[in-house]
Amino acid sequence: MEEPAARESEMSLSDGNVTSDDEMPLTLPTDGSLSGSIRKGCDPFAQTQRSKLQHRRSRINQQINKEMRMRAGAENLFRATTNNKVKETVALELSFVNSNLQLLKEELEELNSNMEVYQTDSEAINVPMIPLGLKETKEVDFTVPFQDFICEHYGEDSSLYDKEIKELMELRQAMRTPSRNQAGLELLMEYYNQLYYLDQRFFPLHKNLGVHFHWYDSLTGVPSCQRTLAFEKGSVLFNIGALYTQIGARQDRSAPAGIDRAIDAFQRAAGAFNFLKENFSNAPSLDMSGPSLCMLVRLMVSQVQECVFERVTLTTEDTHFTSQLCLAQEAARVSDVYLLVQQTMTQPLMKDYVPFSWASMVQVKSEHFRALSHYYAAVALCDHTLSAEEEECEEEAEKAFLQFYVGGPAGPPLSQVLRDPEKRRKLGKAHLRRAVIRHEEAMRVHSLCKILRKMDILQDVLSLTHKRSLDKYSELDREDDFDETAEAPEIQSQTHQKPDITPTNFSKVQVTDFFQRLGPLSVFCARARWDPLRVICLQKREGGLGLTLRGDSPVLVAGVVEGGCAAEAGLKEGDYIVAVDGQDCKWAKHGEVVQMLKSCSERGVELSVVTLHSHDTQLERRGMLLSNISNKENTRERLVGGAKGQSSASLLHWNRKKTREGSVATKKLGSTFSLSFGSIRDTEAMY
């Protein structure tokens, strides 16, 4: 049985006296060492509401995994056996397993639909937002696979890298429980950036390292396991987007500053999901499939649009005619985008996957904001009067009103309606009638969902707005009004701020390659092959050592003099110098290696060298450049747009969709997915 990803002790979500994981301090190293990551995750044993929710989700994920393996075994036995009695027993067992699976999935759906845990503690009455829970993962032990690869591929003592492997595993463990703030985001980004180095160091294109990455579907808890690093990258990127949704949902939207922070968080969540959708295919879990990510991007954009409406509502203090029309069009825009999300959720693949509470919440919001648009239209029509000093604005108001509807209402022209108080009252009454109908539909949909019924704040918002529309309708209704209320036309949706899909900025989190002691990535990577390390003993003669050196980190033997000391000792053109007299110089500059050679004693010098066999197209181009100048003895400098290993960098991209992996395998390090190595100035000289 595989080890669980977290403790299996069940914790109640209703316990009081809990602290927020957003306020928990980060744990920093106490030994003063800064070699590894200083970012740590939340305390997994902390009694926060969110941590309890994550623990329960983790426990259910494990139980679902167990039941699914039992079901797979029972199905195999049912197909294999010919004994009718055994078949009856297995069929009975399968019915129990399927029943348990259904109960577990319903319980997990209820947990995944628990939006209140992620909402703000503010007393302001706002419609709750929809956040995502993080994908759960199991621990991964890199120790044996990495040690074997270091020994076999790099030819080094793997025990020397125990500290680096431990730091990597600690970073991954911390990444599983990020805090719900900027530090948690940076922790996930740091691990995501570190995966670039792992991909280059330990994951060759055509060899399986034997590392299995287990992740659970964010909504269903169904486990998935793959050996590709792209699955790990995609899952971490999904959690970055999910964490942004939680940060956006917890903002206090009673003030413009909090609304702006929520807008930024939801836009960045949309950017993370959109990047994942465009760069990851053949997802093993439904939450990272194309339709699911498309739905999530649209959901985030809708929540941004809702925040824009809330900001306009807060900043609109006057009751001017055009201001109320603007509010009505903003509300109609929110309703339209939520209607699009609702349609996406009802697609065949998504219909049975999206939690019922999510679909219900989206439908409630679509109806609620459509009702608000009609309410604000009624307020503009019924409370609008032109005083003498406002007459110069009449032309502007008439222009705005003429563009207010999708199609003009039946009856007199809109310009005439605007000037006649009675006609305005009747049109306003028609809008209020539609507002009340929409409010009642929102409340009906809300009452059908058990989870939404538990959300008191949502019930309060719907009740207050419904009562406000009813009161306004009662004001306009007259006893002698026997005319049938006309049908209000559809309002043209419009917004003054269109949502942006903000891409995740990985470059702001700089990381250091844990395994930089293996050497510069330009040479010492998983995609390169070289001969075993050779030790060359050179004795200095009158004519020098008889070799030409070029480049930095590592220094390349660009040529050897035929019949010279270096040639006789076995040094070859194209060898890389990795050590001089036992002193590692993989990262040494050209001048430093030259100084080591010049300071050698009369007994000579020992060079440790490797010969590169194959690499990517970037090193092949560099090799062709070197071959053209290897026989020249004059010192000169040449600018090369080549690969130079750097100790720290940020990851901007990762490998593209699997359908294109094979065709671009030889181009990766030279493409935009490689580390952005700076141009270097190499010196070639004869020694």
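Val 560 lies in strand β7, where strands (E, at least two residues) and helices (H or I, at least four residues) are DSSP runs numbered from the N terminus. The structure is a predicted model, in which local features need pLDDT of at least 70 and side-chain atom pairs count only at pLDDT 80 or more, whereas totals for chains, interfaces and linings use all residues. Residues are numbered from 1 along each chain as its sequence is written, and side-chain values use heavy atoms, with hydrogens and water left out.

With a relative accessibility of 29%, Val 560 counts as partly exposed, a class that falls between buried (under 20% relative accessible area) and exposed (over 50%), as computed with a 1.4 Å probe and protein chains only. When its neighbours within four places in sequence are left aside, Val 560 is in contact with Gly 546, Leu 547, Ala 566, Leu 571, Lys 572 and Glu 573, contact meaning heavy atoms within 4.5 Å. One of these residues, Lys 572, is 12 residues from Val 560 in sequence, and the two C-alpha atoms are 6.7 Å apart in space.

The chain as a whole comprises 19 helices and 13 strands, and 52% of its 687 residues are buried. Of the contacts in the chain with a separation of 6 or more, 81% are accounted for by residues 24 or more positions apart. The chain exposes about 31,300 Å², of which carbon and sulfur atoms supply 50%; the accessible areas come from the Shrake-Rupley method with a 1.4 Å probe, and for residues only the protein chains shown count as cover.

The peptide bond from Ser 553 to Pro 554 is cis, with omega near -5°, and Pro 554 is found in the loop between β6 (547-550) and β7 (555-560). Ser 553, in the loop between β6 and β7, has a positive phi of about 45° although it is not a glycine, and it counts as buried because its relative accessibility is 3%. Asn 282, in the loop between α7 (256-279) and α8 (290-315), likewise has a positive phi, near 55°, in a residue other than glycine; at 52% relative accessibility, however, Asn 282 counts as exposed.

Helix α3 (residues 143-154) has 12 residues, which at 1.5 Å a residue should span 16 Å, and its end C-alpha atoms are 16 Å apart, in agreement; the expected span is 1.5 Å times one less than the number of residues. Within α3, the residues Pro 145, Phe 146, Phe 149, Ile 150, His 153 and Tyr 154 are buried. They cover an arc of only 130° around the axis, which puts them on the same side of α3, the arc being that of the directions from the helix axis to the C-beta atoms. The cover over the buried residues of α3 includes α4 (162-175), α5 (182-202) and β4 (529-530). Just after α3, Gly 155 takes a positive phi of about 65°.

The structure holds 20 aromatic pairs. The ring centres of Phe 142 and Phe 213 are 6.4 Å apart and their planes stand at 55°, so this pair is tilted; rings of Phe, Tyr and Trp (its six-membered ring) pair if their centres lie within 6.5 Å, with planes under 30 degrees apart counted as stacked, over 60 as edge-to-face and the rest as tilted. This pair links distant parts of the chain, with Phe 142 in the loop between α2 (84-112) and α3 and Phe 213 in strand β1 (residues 213-216), 71 residues apart, and both Phe 142 and Phe 213 are buried. Phe 202 and Phe 515 form an edge-to-face pair, 4.8 Å centre to centre with 80° between the planes. This pair, too, links distant parts of the chain: Phe 202 is in helix α5 and Phe 515 in the loop between β3 (511-512) and β4, 313 residues apart. Phe 202 and Phe 515 are buried. One aromatic cluster is formed by Phe 142, Phe 146, Phe 149, Tyr 154, Phe 202, Phe 203, Phe 213, Phe 515, Phe 524 and Trp 530.

The structure holds 0 disulfides, a disulfide being a pair of cysteine sulfur atoms within 2.5 Å. Cys 326 is partly exposed, with a relative accessible area of 33%, whereas Cys 585, at 1% relative accessibility, counts as buried.
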